[in-house]
Amino acid sequence: MIIHIGIDDTDSPNGMCTTYLGALLYRELSRLAEPLDLPRLIRLNPNIPYKTRGNGAVAMSFEAGEELIPDIKDTVLFYVSQLADFEHENTHPGVVFFEGEIPEELRAFSLKALREHVTIEEAERVAGDVGAEYFKFKLGRGIIGSLAAIGYPLERFTYELLAYREPENWGKPRGVNLESVFLADRWAYPFSYDNVDPQKGTVLITPHGKDPVLVGIRGIEGARVLQVFEMVEFEEPVAFYQLYKTNQNTDDHLVPKKIGELKLYDNAVVRGKVASPYWERGRHVFFELEDDTGKIRVAAFEPTKRFRNYVRKLLPGDEIIAAGGVKEHGGVLTLNLEKFYPVKLVPKIGYEKPKCPRCGGTMKSKGDYFKCKRCDFRMPKELTPIEVPRDLERKIYEVPPDARKHLSRPLVLPGGEEVLLEALCKGHNGNEQL
């Protein structure tokens, strides 16, 4: 018999995280039953305001005799009840068990939880329809992610190795030799990526909170990720580590939509024309984008740093493809830009002083007229319009690594921009690893 287990919403700023609990459970349950694959770390809609850190849920599947099923369920519920931080106001764990083959209704629910907004009531209804058993702790919001993680059709995937700290070190500065991370990254890049930000010279594999994670190392090959982990030098004990299969960095959250179809919390890719000059507010850059169904404000926020420079080069009339999440800022529905592609750029007109029509010399401004420096010819003060190079290429522009969402696909991944652009324009039905 196959049993699928999903857990979610156990995170808290005080230390606990879902992947830590999931890794412990995977180790413990593997002593009782045969795992069918690596545990799965499924990132869900990053726009949901009440999400926990990273909005990640964990699922795992085992082959077990019917007589072992009660023990497996008891073990999972015991671990959650003992380790989740129930005192924190945002911790509302949920556990889901499902036996047998995954039905299509559950797969559809998973993709909706990735791309849109779903409710606890909707999760309960789907669980009832497919015969899943669920357990709610406090509000039980975690059943949404738990159910979605079980049903997620992980056709495109990457890997993440998460190494965990001894409990006495939680909350202390992480003991990782930074130079060894840069050396490992140079060896493994791009098969392992987002380990460092080369522009800033910073390390990205170490989180900053009180959680148990020591490092998180991503890649498209499990073996390469393990090798990077072995190359990193640690200055504190590693309690244990777990390799996860994950939907991170797949862009599976993006769905092609018309601007008029966009709803709060959607993840979408839209095609339209820039409808306004950009403006800035508090180091954030904004502009409006429109198509034949409507108009939406688009934002490149301050944490995206140099990415904003490319946004500033857009002009009204430019046709672009824009991808991101829909949120509300200051009461206005806003597309938070993750990446964009210039499809067609309008001419940019600049102005310069004319050459002397008599001798071709350089004209100098004199009050309300121009005067030639060479022959003293005078003419009315009128600038000559010229077309100025746009300084934007037909390529995808993306936010830097330290501003990238878990789900957003870096351009460096094999396949190049053509694959990603096709996914952005048409959606994708990939059926294999990236």
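How many residues of the lining of the second largest pocket are nonpolar, how many polar and how many charged? Point 1 takes this up. Note that the model is predicted.

1. The pocket lining. The residues lining the second largest pocket divide into 14 nonpolar, two polar and eight charged. In total, 24 residues form this lining. Lying nearest the pocket's centre are Arg306, Glu398, Val399, Pro400 and Pro401.

2. The pocket's volume and elements. The second largest pocket has a volume of about 520 Å³.

3. Helix α7. This helix covers residues 222-231. Gly222, Arg224, Val225, Val228 and Phe229 are buried there. They sit on the same side of α7, because they cover an arc of only 165° around the axis. As background, an α-helix has 3.6 residues a turn, so residues three or four places apart point the same way. The face turned away from the buried side carries Ala223 and Glu230, which are exposed.

4. Strands of a sheet pair through backbone hydrogen bonds, either parallel or antiparallel. Here the sheet is open, its order is β21-β22-β23, and the pairing is antiparallel. β21 (363-366) and β23 (378-380) are the edge strands, and each pairs on one side only. From one strand to the next, the twist averages 35°.

5. The β21 and β22 pair. Strand β22 spans residues 369-372. Four bridges join β21 to β22, and the two run antiparallel. Which residue in β22 is the bridge partner of Met363? That partner is Cys372.

Notes. Residues are numbered from 1 along each chain as its sequence is written. This is a predicted model: local features need pLDDT of at least 70, side-chain atom pairs count only at pLDDT 80 or more; totals for chains, interfaces and linings use all residues. Side-chain values use heavy atoms; hydrogens and water are left out. Two strands pair if DSSP finds at least two bridges between them. Axes are lines fitted to C-alpha atoms, for helices over the stretch in contact, and angles run from 0 to 180 degrees between N-to-C directions. On a 1 Å grid over the protein atoms alone, a cavity is a set of points where a 1.4 Å probe fits but cannot get out, and a pocket is an open set with protein on both sides within 12 Å along at least five of seven lines; lining residues have an atom within 4 Å of a point. Grid points are joined across faces, edges and corners, and a volume is the space filled by probe spheres set on the points. Ala, Val, Leu, Ile, Met, Phe, Trp, Tyr, Cys and Pro count as nonpolar, Asp, Glu, Lys and Arg as charged, and the others, Gly among them, as polar. Buried means under 20% relative accessible area, exposed over 50%, partly exposed in between (1.4 Å probe, protein chains only). The arc is that of the directions from the helix axis to the C-beta atoms.
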